[in-house]
Amino acid sequence: MTLRIPARVETQRLVLRTWQSDDRAAFAMINADPAVTEHVARLPLSREQSDAFVDRIEASWLHRGYGLYAVESRMSGELVGFCGLSHHRALPDEVEVGWRLARAAWGRGLATEAALVCRDLAFDRMGLDRLISVTIEANVRSSRVMEKLGMSRWRTMPFEVWTLSIWAMTAADRPA
Ligand SMILES: CC(C)(COP(=O)(O)OP(=O)(O)OC[C@H]1O[C@@H](n2cnc3c(N)ncnc32)[C@H](O)[C@@H]1OP(=O)(O)O)[C@@H](O)C(=O)NCCC(=O)NCCS
């Protein structure tokens, strides 16, 4: 397998890395929290659904050479969530930067810290022309992270039970 982005990256407060078997229990706890899944799934995920999600993430790393990183706190060593590059089912030809953090980790700029690294890998390592991120209007925290990356609202799109808000940027849109 050839990775198109590194298997491990460190930021000031975080380690972004490929997944380990002991991440699954911690990730299932995050996905079982209704506050975390409010804007991303109709229901909190069961352990089986959470594990199936990790299976899909690992398949992406294997087949595409990129994917969603497990995000770990450098201070505690605990899994705080994911951030990385994937493909949304609504727009499978686009590369999406996405994130999901444990409730206890919100509000400290950690999602932005992780997403900035992923944004730069998308442009500088993968050479993408465009990077998107998908949310819904009600998800103001996530929309704010998109703004801080340099993204703008691109289009809306009905999909399943949602009206998706699609944000996008090019490398030139990166704030100085
Ligand atoms: C979205 C999420 C990753 C944000 O994580 P985070 O670490 O709190 O994000 P950051 O601290 O980097 O940035 C959040 C921004 O939203 C702002 N914000 C927080 N609550 C807000 C609110 N109620 N209204 C408006 N802005 C708000 C913060 O002030 C911050 O912006 P600032 O840096 O300009 O002050 C986190 O809330 C999460 O995991 N949510 C559940 C999963 C999810 O929704 N994933 C995204 C799907 S598209």
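This is a predicted model: local features need pLDDT of at least 70, side-chain atom pairs count only at pLDDT 80 or more; totals for chains, interfaces and linings use all residues.
Residues are numbered from 1 along each chain as its sequence is written, and side-chain values use heavy atoms, with hydrogens and water left out.

Reader: How many residues surround the ligand?
Author: The closest are Leu101, Gly107, Thr112, Arg144 and Lys148. The residues of this shell divide into ten nonpolar, six polar and five charged. The number surrounding the ligand is 21.

Reader: Which element gives the largest share of the shell around the ligand?
Author: Helices (H or I, at least four residues) and strands (E, at least two) are DSSP runs, numbered from the N terminus. At least two shell residues each come from β5 (96–101), α4 (110–124), β6 (131–135) and α5 (140–149). The largest share, six residues, belongs to α5.

Reader: How far is an oxygen atom of the ligand from a backbone N or O atom of Leu101?
Author: A polar contact here is a pair of N or O atoms within 3.5 Å. The side chain of Trp106 has an N or O atom 3.2 Å from a ligand oxygen, and for the side chain of Asn139 the distance is 2.8 Å. For the backbone of Leu101, the distance is 2.7 Å.

Reader: What is the volume of the second largest pocket?
Author: Its lining consists of 16 residues, and Ser73, Ser76, Val80, Ala105 and Arg108 lie nearest its centre. Two or more lining residues come from each of α1 (23–31) and β4 (79–86). On a 1 Å grid over the protein atoms alone, a pocket is an open set of points where a 1.4 Å probe fits, with protein on both sides within 12 Å along at least five of seven lines, and lining residues have an atom within 4 Å of a point. The volume is about 310 Å³.

Reader: Which residue forms a salt bridge with Glu94?
Author: A salt bridge is a side-chain nitrogen of Lys or Arg within 4 Å of a carboxyl oxygen of Asp or Glu, and the whole structure has 15. In the bridge of Glu94, the closest N and O atoms are 2.6 Å apart. Glu94 lies in the loop between β4 and β5 and its partner in the loop between α4 and β6, so the pair ties together parts 36 residues apart in sequence. The partner is Arg130.

Methods. Grid points are joined across faces, edges and corners, and a volume is the space filled by probe spheres set on the points. A residue is near a molecule or strand if one of its heavy atoms lies within 4 Å of it. A polar contact is a pair of N or O atoms within 3.5 Å; within protein, one must be able to donate a hydrogen and the other to accept it, and residues adjacent in sequence count only if both atoms are side-chain atoms. Ala, Val, Leu, Ile, Met, Phe, Trp, Tyr, Cys and Pro count as nonpolar, Asp, Glu, Lys and Arg as charged, and the others, Gly among them, as polar.
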